[in-house]
Amino acid sequence: MTARKIIIDTDPGQDDAVAILLALASPEDVEVLGITAVAGNVPLDLTAKNARIVCELAGKVDVPVFAGCDRPLGRDLVTAEHVHGKTGLDGPDLPDPTMPLQDQNGVDFIIDTLRDNDPGTVTLCPLGPLTNIATAFQKAPDIVERVQEIVLMGGAYFEVGNITPAAEFNIYVDPQAADIVFKSGAPIVVMPLDVTHKALVTKPRNDAFRALGTAAGVAVAQMTDFFERFDKEKYGSAGAPLHDPCVTAYLIRPDLFSGRHINVEIETTSELTMGMTVADWWGVTDRPANALFIGNLDADGFFDLLTERLARL
Ligand code: BDR
Ligand code: CA
C-alpha cells in the first residue's frame, strides 16, 4: 500500500506535537506534504515556530512548514496558555528552530497542493481551529471535491465542552470556519472529546515514552508531565488526554477506532452555546450524515502504536 498523502494543519500545542511526531515517524503509512500553522492554542508566530521545533526534534528538517491565518474568520482569537503554557510547548527545553518558515501562505499551500495532486489523493488533518481549511475552501471552492478526506480533532457530544460548558476548544475558537467545513460536502472523520478523553497518558504509558531514552521520547514525556496537570485537576483523570494524536493514529490504524456516520451541525449564533457540535448520535433527525463521528478507541493499542513509532525517531 502506498503512503497516504497528508497536510497537517495545526496549532502546537503539546498534543499537536505528539500527533506530528507520530506522522513523521510513519513514512510507510503517511507522507507529510507540508505542515500549515494556524492561530489557536497560542498566537500564529508561536504555532509556526513550534511546528518547526517539532520537525527538528523528529530530525525531519525537509518538511515544509507554512504560516496560515492569524485569527478566526469573524471573532477575536481565544488562546489556551492556561493549558499549554506560555510557549504552547511548555515542558521540555527545546532549541529554537533553524529550519526556515516557507514564504508561501499556508492557505495557498493547501489550495495549490490540492490542485496539483490527483483528485481524491490528499487528506487534510486539522488539529486546531479550522480557519485555514475554511479560508482555502472559500478562496478556491474547486478544491473541496478534490479532498480525499478531512480527519480532524474537534467537537464533542457526550463530553460536551472543555473551553465552555457547551463547546470544545478547536470548534469554539472559530465556529464560522467549522460551519463552512462541516457543510462543505467533503468526507469528514471527527475525533471529538468523547474519544480523546479515552486516550489518557497514565503513568506507565508516560514512563514507556521516557524509557525510550531518545530526544523525542523524553521530550514527549516532559510535554505530558506539563500538560497533564490541567486535566488531572479539572477532571480528576489518570493523565493527559492525547487529543490530536488520535487523528494521525487513525490514518495508520483505523481499526483501533469506532464511531457512527451521523449529522453534525455547528452552533454559530448563540453566545451561550457558541461552537457546540450538535451531533445527531441517536439519529433523532432526518438530517443527512456528514461525518464519521468517533466514539471509542482501543487505548492500549493506540499507546503501543505510539511508543513503537516514537522509538524510530
Ligand atoms: C484541542 O484543543 C487544543 O488545546 C488541543 O491541542 C486539541 O487540539 C482539544 O480540545
Ligand atoms: Ca491542537
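How many of the nine residues of helix α5 (residues 131-139) are buried? Seven of them are, so helix α5 is largely enclosed by the rest of the structure. Buried here means under 20% relative accessible area, with exposed over 50% and partly exposed in between (1.4 Å probe, protein chains only).

This is a predicted model, in which local features need pLDDT of at least 70, side-chain atom pairs count only at pLDDT 80 or more, and totals for chains, interfaces and linings use all residues. Residues are numbered from 1 along each chain as its sequence is written, chains are lettered from A and ligands numbered from 1 in the order in which they are written, and side-chain values use heavy atoms, leaving out hydrogens and water.

**Helix α5 and its cover**

The buried residues of α5 are T131, N132, I133, A134, T135, A136 and F137. Their cover includes the strands β1 (4-10), β2 (30-37), β4 (122-126) and β5 (147-153), together with the helices α4 (106-116) and α7 (175-182). Helices (H or I, at least four residues) and strands (E, at least two) are DSSP runs, numbered from the N terminus.

**Helix pairs**

Axes are lines fitted to C-alpha atoms, for helices over the stretch in contact, and angles run from 0 to 180 degrees between N-to-C directions.

| Pair | Axis distance | Angle |
|---|---|---|
| α4 and α5 | within 9 Å | roughly 60° |
| α5 and α7 | 8 Å | about 55° |
| α1 and α11 | within 7 Å | roughly 20° |

The angle makes α1 roughly parallel to α11, whereas α4 and α5 are oblique to each other. Angles under 35 degrees count as roughly parallel, over 145 as roughly antiparallel, 65 to 115 as roughly perpendicular and the rest as oblique.

α4 passes α5 in a right-handed crossing, while α5 and α7 cross in a left-handed way. A crossing is left-handed if the near helix is turned anticlockwise from the far one by less than a right angle, and right-handed if clockwise.

On the α4 side, V107, D108, I110 and I111 meet N132, I133, T135, A136 and K139 of α5. By class, this contact of α4 with α5 has five nonpolar, two polar and two charged residues. Contact means heavy atoms within 4.5 Å. Ala, Val, Leu, Ile, Met, Phe, Trp, Tyr, Cys and Pro count as nonpolar, Asp, Glu, Lys and Arg as charged, and the others, Gly among them, as polar.

T131, I133, A134, F137 and Q138 of α5 meet A177, I180 and V181 of α7. The contact of α5 with α7 has six nonpolar, two polar and no charged residues.

**The calcium site**

The calcium ion (ligand 2) is coordinated at 2.3 to 2.6 Å by D11 (OD), D16 (OD), D16 (OD), L127 (O) and D244 (OD). D16, in helix α1 (residues 14-24), and D244, in the loop between β8 (240-241) and α11 (245-252), are 228 residues apart and link distant parts of the chain. Donors are N, O and S atoms within 2.8 Å of the metal (3.2 Å for Na, K and Ca), and sites may look incomplete because water is not among the atoms. Both D16 and D244 are buried.

**Residue P12**

P12 lies in the loop between β1 and α1. At 0% relative accessibility, P12 counts as buried. Leaving aside neighbours within four places in sequence, P12 is in contact with I20, V42, T47, N50, A51 and G88.
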